[in-house]
Amino acid sequence: MVAHLIRLKLALLRNGLRRSPLQLIGLILGALYGLGAVAVGIAGLGVLRLAEVPVAETLVVLGGSALVLGWALAPIVVAGVDLTLDPARFALFPIPRRQLLLGQGLAGLIGVPGLCTVLLLAATALTWARGWAPLVTAVVCAVLALGLCVAVSRLAAALASELAASRRFRDVSSVLLLIPLVLLGPIIALGAQSLDAVGSSGLVAAGEVLGWTPLGAAFSAPAAAAQGNGLEALAKIGVAAAALALAAWGWSAALARALLHPAGAGRRRVGKRHRGAGLFGVLPATPAGAVAARCLVYWLRDPRYGSGLVVVPLLPVVLYMASAGGGSDPLAGPFAVSGPIVGFVLAWSISADVSYDSTAFALHLAAGVRGRDDRLGRALALLAFGLPVTLVATAVPCVVAGQWAAFPALLGLALGSLLSGVGLSSVVSARYTVAVPLPGESPFKKPSGNVAQTMLVQTGGLLVLGALISPEIALAILWAGTGHALWGWLGLAAGAVLGPALAAGGVVLGGRWLDARGPETFASLTRAR
């Protein structure tokens with residue numbers, strides 16, 4: 001049965017390559033890249049044979065721990081990385097679980113990642129060929145490390161596939177992927193600074209700690225044997241073996257669950273009762289209140305909206321790193337304008353609100369909702385959380401710098417950016433529809449549509465907003481140039497007066513435009529499907 005499962009995996013791989021020439025090209029390129037990296041790794045492990053034991057141990061443990069962690073995270077980061085032998089597909093076959101485990105484990109090594117891992121783990125014997133004791137220990141530990149890689153990968157894949165059956169999990173996970181992407185630059189910068197700060201002593205300490213964990217125990221035991229510490233080597237082998245046994249047990253339990261309940265069948269809750277009307281019972285029973293309640297539900301549940309909200313709290317972090325870590329004066333860089341930028345991002349997020357409604361916008365037309373109520377409800381839904389978030393983002397740079405003299409000018413600019421932007425977005429979304437992902441689609445899907453018009457609307461909106469908040473910008477510049485508090489307070493007054501006025505004007509103008517062009521707007525939305 002194990003041999004049959006392996007042949008099945010090979011047949012599926014071969015048929016897939018025959019069906020798709022692009023997949024074959026990708027496999028060849030991946031194999032060349034992987035084998036090239038493996039060649040470099042084997043050469044490095046061979047050179048470590050000549051290095052001192054502590055140096056070799058540190059590098060091997062750090063690299064091996066990263067390898068095991070990569071196998072554990074791959075099924076989570078890359079959904080569907082290997083579903084050709086999905087256990088749910090064997091639910092109707094009387095295959096003993098032990099044979100299915102072994103067959104799946106060996107089949108998981110078929111491919112470029114598995115081949116590269118086998119070669120690298122085998123090459124660790126080159127590093128520890130310093131006597132029969134470290135060599136034998138390295139061979140045993142390489143087998144344990146290979147088994148641990150496969151077991152944790154299959155366990156993670158089983159857990160991820162079960163969670164992926166939930167649409168809410170898929171939506172949340174796709175949105176949360178934005179966090180490492182947005183913070184990639186700061187993470188790299190902080191990592192480089194950390195390496196410079198800790199130096200080689202920090203790496204050695206990290207290697208020593210990882211050597212007693214399931215991630216690095218199998219890679220540290222040969223070093224202990226090479227130094228004559230037999231008891232320490234046996235203890236680390238025991239840690240690695242216990243980690244493998246625990247991962248295999250968890251994988252076996254997950255496999256049994258998948259065979260009994262394929263694709264989460266029979267575990268969905270039905271007939272769930274909801275009490276009350278939710279946000280519709282909290283907000284005023286008016287047309288604008290109903291629109292605001294519906295929009296707040298969208299903000300909470302629709303991943304297309306959530307993807308924009310995730311980025312907002314990360315913007316001050318990115319701007320702080322763009323200011324060279326704040327330097328001696330955090331208010332001297334782009335970190336100071338975190339509040340105005342957050343206000344603009346939030347305000348402009350509703351410029352495509354009608355486009356996100358898609359054909360559901362027909363409900364507004366059929367119910368006879370006036371354009372003014374539609375615009376007001378959408379604006380109030382955003383301001384319900386956008387205003388506090390903008391205030392916090394404006395205050396954060398002042399708190400970090402310990403300088404509150406800039407707060408009035410920055411707050412005036414932030415209020416102008418948010419409120420004036422809400423008015424502008426209320427007009428833009430009533431007049432133009434843009435290509436956005438349809439309801440239920442991934443927020444990262446690139447929709448088809450008039451890309452040129454979308455770019456013009458986005459660019460034009462940014463320029464118009466700059467003109468609308470030009471008084472606040474001018475007063476903020478005057479405060480920064482002179483340092484007189486009067487200019488800062490005048491900027492705050494301008495934002496507090498002009499912002500609400502422009503927001504109200506945008507709601508009225510956008511409402512009139514929507515009343516006049518409601519059918520045409522709906523027609524453009526239906527053409528976008």
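The following dialogue explains how to read several features of a predicted model.

User: What kind of model is this, and how are its residues numbered?

Analyst: The model is predicted; local features need pLDDT of at least 70, side-chain atom pairs count only at pLDDT 80 or more, and totals for chains, interfaces and linings use all residues. Residues are numbered from 1 along each chain as its sequence is written, and side-chain values use heavy atoms, with hydrogens and water left out.

User: How many residues does the largest nonpolar core have, and which have the most contacts inside it?

Analyst: A nonpolar core is a set of buried Ala, Val, Leu, Ile, Met, Phe, Trp, Tyr and Cys residues joined through side-chain atoms within 4.5 Å. Buried means under 20% relative accessible area, exposed over 50%, and partly exposed in between (1.4 Å probe, protein chains only). Here the largest core has 37 residues, and Val60, Leu121, Trp128, Leu148 and Phe219 have the most contacts inside it. Two or more residues come from each of the helices H3 (53–77), H4 (97–108), H5 (112–127), H6 (132–164), H10 (217–226) and H11 (230–260). H6 gives the most to this core, with 11 residues. Helices (H or I, at least four residues) and strands (E, at least two) are DSSP runs, numbered from the N terminus. Apart from this core lies another, of 18 residues, among them Leu346, Ile350, Tyr356 and Ala379.

User: Which residues does Leu121 touch?

Analyst: Contact means heavy atoms within 4.5 Å. Not counting residues up to four places away in sequence, Leu121 touches Leu67, Ala142, Ala145, Leu146 and Phe219. Phe219 is also one of the buried residues of H10; nine of the 10 residues in that helix are buried. Just after H10, Gly228 takes a positive phi of about 85°.

User: How many aromatic pairs does the structure have?

Analyst: Rings of Phe, Tyr and Trp (its six-membered ring) pair if their centres lie within 6.5 Å; planes under 30 degrees apart count as stacked, over 60 as edge-to-face and the rest as tilted. A search of the whole structure finds three pairs. Phe344 and Trp348 are stacked, at 6.4 Å centre to centre with 15° between the planes. Both belong to helix H16 (residues 338–348), four residues apart, about one turn of the helix. An α-helix has 3.6 residues a turn, so residues three or four places apart point the same way. Phe344 is partly exposed, at 22% relative accessible area, whereas Trp348 is buried, at 10%. Trp404 and Phe407 form an edge-to-face pair, 5.4 Å centre to centre and 65° between the planes.
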